[in-house]
Amino acid sequence: MSARKWVAAACGVITAVAAVATPAAAANPVITAIYTADPAPLVVGNTMYIYAGRDEATATGSNFVMREWHVLSSTDANTWTDNGAKANIGTFAWAGADAWAGEVEPRNGKYYWYTSVNGNGAGWMDIGVAVGNSPLGPFTDAKGGPLISDSTANSSGLNIDPTVFVDDDGQAYMYWGGYWGPRAVKLASDMINTVGSVVTPAGLTNYWEAPWMFKRNGTYYLMYAANDTNGCVTNSNYACQRYATASNPLGPWTQRGIVLGQVSSTTNHAGIVDFNGQSYLVYHTADAPGGGNFRRSVAVDKLYWNADGTIQKVIPTVGSSNGTNLASSATASTSYVSSWESLAAINNGGTPANSQDRTNLAYGNWPQQGTQWVEYQWPTAQSINKSSVYWFDDNQGIDVPASCQVQYWNGSAYVAVPGQSSCGVNGNTENVITFNTVSTTRLRLSVTSRSGYSTGILEWKAFQS
């Protein structure tokens, strides 16, 4: 039996294209040969599939260019294969453009691919549905026209980002919508027709787009993109991933917190899946070489739950294979922080655009010079074998350092971590440091400044081995 798992924003159309399986080594982003976006994960047997749109905009492009969907797959959540385009705009004869976000839901031995696509008629974005006999298709139009369009009573201001969920009693539900307009409707058992009226679910605080629905331990969850500045993002051009819970599949919903903060792309689209006894968050960023807001790439990180059913915030990793960043659960301290800067910056989950980016605060120790340190402490010992640091450079009294070293508490003193790789001091990038696994309750980053300058940090991560 397949384990279905949920949707995120903007992609979609479908036609079988010959797949060229291209395995990629474990790292985030998981595929870099092409740009991929709006991922929707699905587990079938021992394989995790990710259904994603393909970004084809040029490096100077200022809008989305999306004409096809790809299917990525992995049997270990580390090494990924691009199975090629399994759907495109041509899959829907009635579609004109814009293969935006989609999600696949299995039922009765078939796989239904719900997509956001630009129709040829009146209105703009519609939701279509294609069907295939396997997770890799081939997929064909299941309905011959839109499932949801502007002519649908009480449709969203932007009919995009469908997420479909089949409850334990067999009733299927679909959520969708952009422009702050969440919508929901029941689906018929044939999965290609709606039942009853479209409703506007209550309680989805600060909803923007990209819903992702699932059920866990009897509780309904809905994750979605929000762009408020009330703890979500510092600039409303970006988005975070909030989530809400309910005791009924149609709500009302209660907002619970943030799953994923602001990422390097302005859009933020994610899904959650359980695979091999571990939960994962699948999302996109602009972190691939040459990436940008219209050249995004899929990333995968582990997700953890609290005992009360709330979700621990995921801190994105870059260039590390699904390692868990332990920084967010640590207590930070430092030798010195300037009164106008913030120690909280180093583990608040920010994704800097460059070394001058103060969007998510900055730590700095001006006017101190020489060697200073920042430190993480955990209540219990953690196994750590990797760290990364993004340096702050204000083009004034703070500059990238001359050198740095990772140290750990061995029970009686701080000592250098064994087997440490070069501690990078490059600006405008995440400097990754690897070392032999240490078990410790305290990790320290010792930083020595350049002559005449102080030092600063935008984000410091510590990864579980």
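Visitor: What makes strand 9 and strand 10 a pair?

Guide: Two strands pair if DSSP finds at least two bridges between them. Strand 9 (residues 110-119) and strand 10 are joined by eight bridges, so they pass that cut-off. They run antiparallel. Keep in mind that this is a predicted model.

Visitor: How do you know that strand 11 pairs with strand 10?

Guide: By that rule again: at least two bridges are needed. Strand 10 and strand 11 (residues 140-141) have two bridges, in the antiparallel sense, so they count as paired.

Visitor: Which residues sit across from Val131 in these pairings?

Guide: Val131 belongs to strand 10. Tyr112 stands opposite Val131, and in strand 11 the bridge partner is Thr140.

Visitor: Why is Val131 called buried?

Guide: Buried means under 20% relative accessible area. Val131 comes to 17%, so it counts as buried.

Visitor: What makes Tyr111 a contact of Val131?

Guide: Contact means heavy atoms within 4.5 Å. Tyr111 is on the contact list of Val131, which leaves aside neighbours within four places in sequence. The C-alpha atoms of Val131 and Tyr111 are separated by 5.5 Å, but contact goes by heavy atoms. Along the chain the two residues are 20 apart. Others on that list include Lys110, Pro138, Phe139 and Ala142.

Visitor: Why is strand 10 described as mostly covered?

Guide: Strand 10 covers residues 125-132, and eight of its eight residues are buried. Each of them therefore falls under the 20% cut-off.

Visitor: Which residues of strand 10 point which way?

Guide: Met125, Ile127, Val129 and Val131 point one way, while Asp126, Gly128, Ala130 and Gly132 point the other way. In a regular strand, side chains alternate between the two faces of the sheet. Here the residues pointing either way are all buried.

Visitor: Zooming out, how many helices and strands does the protein have?

Guide: Zero helices and 29 strands.

Visitor: Why is the protein called as compact as a globular protein of that length?

Guide: Its radius of gyration is 23 Å, and the globule rule gives 23 Å for 465 residues, so the two values are close and the description holds. The C-alpha trace spans about 70 × 45 × 40 Å along its principal axes.

Visitor: How much of the protein is buried, and how far apart in sequence are its contacts?

Guide: Of the 465 residues, 59% count as buried. Among contacts between residues at least 6 apart in sequence, 63% join residues at least 24 apart.

Technical notes:
Residues are numbered from 1 along each chain as its sequence is written. This is a predicted model: local features need pLDDT of at least 70, side-chain atom pairs count only at pLDDT 80 or more; totals for chains, interfaces and linings use all residues. Side-chain values use heavy atoms; hydrogens and water are left out. Helices (H or I, at least four residues) and strands (E, at least two) are DSSP runs, numbered from the N terminus. The radius of gyration is taken over C-alpha atoms; the globule rule is 2.2 Å times the number of residues to the power 0.38. Buried means under 20% relative accessible area, exposed over 50%, partly exposed in between (1.4 Å probe, protein chains only).
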